[in-house]
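Reader: I am new to reading protein structures. Could you walk me through this one?

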Amino acid sequence: MSETIRVAVLGASGRMGATTVRAVQEADGLELVAALDAGDDLRTVVAEGAHVAVDFTVPSVTEQNVHLLVDAGVHAVVGTTGWDDASLGRVRDHLGRAPGVGVVVAPNFALGAVLAMSFARQAARWFESAEVVELHHPDKVDAPSGTARHTAQGIAAARAAAGLGAMPDATSQTLDGARGADVDGVRVHAVRLRGLVAHEEILLGNPGEMLTIRHDSFDRTSFMPGVLLAVRRVGERPGLTVGLEHLLDLPA
Ligand SMILES: NC(=O)C1=CN([C@@H]2O[C@H](COP(=O)(O)OP(=O)(O)OC[C@H]3O[C@@H](n4cnc5c(N)ncnc54)[C@H](O)[C@@H]3O)[C@@H](O)[C@H]2O)C=CC1
Ligand SMILES: O=C(O)C1=N[C@H](C(=O)O)C[C@H](O)C1
């Protein structure tokens with residue numbers, strides 16, 4: 001990769017895309033070469049010689065964007081939600097046929113959120129119960145958040161590795177949805193409220209005690225240090241990286 005990293009932003013008119021455009025324009029060593037939104041031709045990314053494309057679009061298009069970028073030899077930094085094991089597996093297979101190309105998919109680029117998820121994974125094996133509450137602005141289209149899914153999956157993996165079984169829960173009569181969504185056996189609850197940006201609480205319970213791990217993004221600038229870190233590092237990481245924790249040397 002040359003000294004100046006040429007960056008394209010997809011979803012550039014959206015809340016995250018617009019914030020990313022400004023951050024790239026203000027960052028040392030980066031040059032914004034394309035800012036595209038719905039209806040624009042993705043071939044502009046290649047025509048403008050982008051090294052890295054940042055995707056903050058919508059869950060229904062992000063995987064397709066990534067495949068097009070990989071075909072073009074452009075590294076991808078992806079914050080858009082909606083990824084699952086199947087879509088990540090398809091990208092991993094595709095990257096196997098595109099040596100040298102890197103893709104970083106991160107459900108949350110805020111450093112505090114990544115640390116909160118790491119702390120939750122560390123704590124999970126010591127508690128009988130764990131639930132995740134995510135709270136977001138009401139314009140968000142998906143629920144639960146990608147961050148909450150990733151958090152719950154990490155908690156479930158840590159519990160399984162420690163030999164813990166199902167959590168205690170005597171609920172036998174309930175309204176649909178009252179106990180939230182089940183992500184690998186961990187309950188996840190989604191709040192949508194005007195005034196919020198992006199927030200998460202991880203509740204861990206034992207007899208007589210509770211540990212609460214909370215992270216708040218009050219402004220979308222909170223995601224930018226992580227986005228810029230990924231833009232700078234993705235070229236050194238061929239293949240698929242899922243989660244910013246891998247770029248921060250935190251336990252996966
Ligand atoms: N990983 C992270 O740290 C964060 C991830 N997100 C995720 O990023 C995504 C975007 O969030 P927001 O910016 O709030 O949404 P938004 O709705 O404000 O922006 C999405 C933009 O994508 C555009 N778009 C739709 N189809 C497109 C296409 N085919 N090509 C190019 N652009 C297209 C839309 O026109 C819109 O401008 C969501 O999935 C959200 O959950 C949001 C915040 C942080
Ligand atoms: O849509 C959002 O706003 C956010 N989306 C991501 C998610 O779903 O986890 C990251 C953050 O929570 C903000």
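Reader: Which residues does Phe-109 touch, leaving out those up to four places away in sequence?

Author: Keep in mind that this model is predicted. In soluble globular proteins, nonpolar side chains tend to be buried together. Here Phe-109 touches Phe-56, Val-77, Val-78, Gly-79, Ser-222, Phe-223, Gly-226, Val-227, Ala-230 and Leu-244. That list skips residues up to four places away in sequence.

Reader: Which residues touch the most other members of the largest nonpolar core?

Author: Leu-30, Val-77, Phe-109 and Val-231 do. The core has 28 residues. At least two residues come from each of β1 (5–10), α1 (15–26), β3 (52–55), α5 (111–124) and α7 (224–233). The most come from α7, which supplies five.

Reader: Now the helices. At what angle do the axes of α5 and α6 cross?

Author: Two packed helices are described by the angle between their axes and the distance between the axes. For α5 and α6 (residues 146–161), the angle is roughly 25° and the axes come within 8 Å. Angles under 35 degrees count as roughly parallel, so α5 and α6 are roughly parallel to each other. The crossing of α5 past α6 is right-handed.

Reader: Which residues make the contact?

Author: From α5, they are Met-117, Ala-120, Arg-121 and Ala-124. From α6, they are Thr-147, His-150, Thr-151, Gly-154, Ile-155, Ala-158 and Arg-159.

Reader: How many residues of the contact of α5 with α6 are nonpolar, polar and charged?

Author: Five are nonpolar, four are polar and two are charged.

Note on methods: Residues numbered from 1 in each chain as written. Chains lettered and ligands numbered in written order. Predicted model: local features only at pLDDT ≥ 70, side-chain atom pairs only at ≥ 80, totals over all residues. Heavy atoms only, no water. Core = buried A, V, L, I, M, F, W, Y, C linked by side-chain atoms within 4.5 Å. Buried < 20%, exposed > 50% of the residue type's maximum accessible area, 1.4 Å probe, protein only. Helix = DSSP H or I, 4+ residues; strand = E, 2+ residues; numbered from the N terminus. Contact = heavy atoms within 4.5 Å. Axes fitted to C-alpha atoms, helices over the stretch in contact; angles between N-to-C directions. Parallel < 35°, antiparallel > 145°, perpendicular 65-115°, else oblique. Left-handed = near helix turned anticlockwise from the far one by under 90°. Nonpolar A, V, L, I, M, F, W, Y, C, P; charged D, E, K, R; others polar.
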